[in-house]
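Have the sequence and the 3D view open as you read.

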Amino acid sequence: MKTKTVSALLAAAMFVSLPVLAAEATPADAIAMVDKGVAFMQKNGKDALLKAVNEKRAEFVHDGVYLMVRGLDGTQLAHPINPKLVGKNLVVLPDADGKYFRKEIIEKAQSKGTGWVDYRYNNPASGMIEKKSTYFRKNGDVILEAGIYKGK
């Protein structure tokens with residue numbers, strides 16, 4: 001009897017976990033999040049966007065993808081997951097491998113307007129250093145960013 005109960009519980013746990021695995025963020029999710037931020041900013045203004053992101057509004061935090069906003073000087077203007085970063089300029093801090101990814105995002109945003117940067121960063125969901133790709137777009141005097149984690 002115990003074996004059947006344990007088996008049933010394990011099977012149920014696997015089915016409950018499947019939506020989490022299926023909801024893994026994709027590059028399209030990151031692009032869509034940045035596009036949503038750009039549209040919101042064009043309609044409501046930069047200050048309204050910063051406020052909405054910092055308030056963790058649902059449209060800017062979804063299935064592990066969230067919108068961040070950075071000034072062209074590197075200062076973090078909005079971050080829904082880690083509010084301690086807001087107001088700080090961390091351009092001089094590298095990722096786990098020594099890559100100055102924030103500086104690369106700023107340089108590419110200013111020269112190309114949009115793109116992707118790959119680096120390794122702490123995933124708040126797992127608590128582990130993982131590969132991350134961040135999509136960014138320059139809009140006026142800010143850079144809108146959304147990243148996806150890609151595992152170890």
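Helix 4 is followed by Gly113, which has a positive phi, near 90°. Keep in mind that this is a predicted model.

Now step back into the helix itself. Helix 4 covers residues 101-112, and at 1.5 Å a residue its twelve residues should span 16 Å; the end C-alpha atoms are 16 Å apart, so expectation and model agree. Within helix 4, the buried residues are Phe101, Arg102, Ile105, Ile106 and Ala109. Looking down the axis of helix 4, you will find these buried residues within an arc of 145°, so they line one face of the helix. That buried set packs against strand 2, strand 4, strand 5 and strand 6.

Next, move to helix 2, residues 27-44. Buried in helix 2 are Ala30, Met33, Val34, Gly37, Val38, Phe40 and Met41. Viewed down the axis of helix 2, the buried residues fall within an arc of 165°, so they too line one face of their helix. Their packing partners are helix 3 (46-54), strand 1 (61-62), strand 2 (65-71), strand 4 (114-123), strand 5 (128-139) and strand 6 (142-149). On the face of helix 2 turned away from the buried side sit the exposed residues Ala28, Gln42 and Lys43. Just after helix 2 comes Gly45, with a positive phi of about 95°.

Definitions and conventions: Residues are numbered from 1 along each chain as its sequence is written. This is a predicted model: local features need pLDDT of at least 70, side-chain atom pairs count only at pLDDT 80 or more; totals for chains, interfaces and linings use all residues. Side-chain values use heavy atoms; hydrogens and water are left out. Buried means under 20% relative accessible area, exposed over 50%, partly exposed in between (1.4 Å probe, protein chains only). Helices (H or I, at least four residues) and strands (E, at least two) are DSSP runs, numbered from the N terminus. The arc is that of the directions from the helix axis to the C-beta atoms. Contact means heavy atoms within 4.5 Å. The expected span of a helix is 1.5 Å times one less than its number of residues.
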